[in-house]
Amino acid sequence: MPKFAFSQVDVFSNGPFTGNPLAVVHDADAWTDADMAAFARWTNLSETAFLLAPRDDRAHYRVRIFTPTRELPFAGHPTLGSAHAWIEAGGVPDGDVLVQDCVVGLVTLRREPTGLAFRAPELVRSGPIDSSTLNTAAAALGIDVEQVRRAEWIDNGPGWLGIMLDDAEMVLALQPDFARMDALKVGVLGRHSDGSGDVEVRAFAPGFGIDEDPVTGSLNAGFAVWLTREGILPPAYTARQGAAIGRSGRVSITSDDTGIWVGGSSSTIISGNVHLGELRAACRMHIAQLGDACVVAYTYAR
C-alpha cells in the first residue's frame, strides 16, 4: 500500500498553536486530482498542500494548494509552510533563496532572521470596487458603507476584496453574516492605536469552506502591495491576525528594491504518513453514497 510522508505545519505562529495550520503531503506526484480534493476536504483546514516535482527547471519544487472546496492558484501560508516542510524533509535551497512552482507561476522565497518570506506576487485584479459589490460586502460585515475608509480589489489569486476601516478595534468587533457574503472573499484591515505600528487583519472566505481564515499570507500580501505603494502604510510593519478566533498570528511585511516580502515563523507540529490506498477506498465509498443521494433527491424533485 503506497504511503507518503505527511507534515502539519503551524504557519505565521507567535508561539505554540497560535498560527494557521497547514497539511503538507510530500512527493505527491502519484496523487490524482480527486485524491487531493478528498484529502483536503477530510483535513478541513483552510488549505492543504501537495508537494510534487517541479515543471520548471528554475523551481526547487511544485506545490498544489487545495481548500476544502477548490484548488487555489496561489496562497500565502501554504507557500511558507510548504517551503518549511520541503527544507525540513531534506530540500536544499540555493543559499538563502528557493523558488516555488505553483499555478500562478514561479514564487521566490528567502530565509530571513524570523523565518521564511515570499515575494508578494503582482495583483491579477486591482482597482476600485463597484458600489453594488461594496454595499454587499459592508452589509455582510455588519457595517454601514460610510464606515469604509478605503476599498480595492487586491486579488493575487484567491480573489480578495480589501477593505480598510478606521482602526483595529472596529476590525476586531466585526460579526459577519456569512450567508450574505455569498461568494465574496473579504479582507479587512485597521491600524492599532497603541503606537506599535501594527495593523489588525481579518479574512472572511466562506466560499472556500472556511468562514474565517486564522492567518492569511495572500491577503496580507495584497494589502501590502496596495497600501504601501500608495504610502498609506509604511514599507515595514507587522500584521496581527487571528485574535477574534483564538489565534495570535504575526505576519511581517518588509519592502526593498527587490520587492515586497511577506514572512513569518513556521514550525512542524505533526509528522507521519498518509496511506493512499485507504484514502482511495474511502473516496470510492463516498462517491457511491453521493450518487445514491443524488438519485433520491432527483426523484423527490420530480
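Predicted model: local features only at pLDDT ≥ 70, side-chain atom pairs only at ≥ 80, totals over all residues.
I checked the record next. UniProt, in an unreviewed entry, lists Glu 47 under "active site". I then located the residue in the chain: Glu 47 sits in the loop that joins helix H1 (33-43) to strand S3 (48-52).

I asked which residues Glu 47 is in contact with, leaving aside neighbours within four places in sequence. I found Pro 21, Leu 22 and Ala 23, then Ile 65, Phe 66 and Thr 67, and also Leu 72, Ala 75, His 77 and Pro 78.

I turned to the domain assignment, which gives domain 1 as 3-119 + 266-275 and domain 2 as 125-248. Taken over C-alpha atoms, the centres of domain 1 and domain 2 are 24 Å apart. To the contact, domain 1 gives 22 residues and domain 2 gives 17 residues.

I examined what lies between the domains. Domain 1 and domain 2 bury about 1,400 Å² between them, and carbon and sulfur atoms account for 58% of that area. I looked for salt bridges between domain 1 and domain 2 and recorded zero. For polar contact across this interface, I noted nine residue pairs, with both residues at pLDDT 80 or more. On the side of domain 1 that touches domain 2, the elements giving two or more residues are strand S2 (20-25) and helix H2 (76-88).

Definitions and conventions:
Residues numbered from 1 in each chain as written. Heavy atoms only, no water. UniProt positions renumbered as here; feature names shortened; annotations may be inferred. Helix = DSSP H or I, 4+ residues; strand = E, 2+ residues; numbered from the N terminus. Contact = heavy atoms within 4.5 Å. Domains from an automatic or database assignment. Buried area = accessible area lost by both parts, 1.4 Å probe. Salt bridge = Lys/Arg side-chain N within 4 Å of Asp/Glu carboxyl O. Polar contact = N/O pair within 3.5 Å; in protein donor to acceptor, adjacent residues only side chain to side chain.
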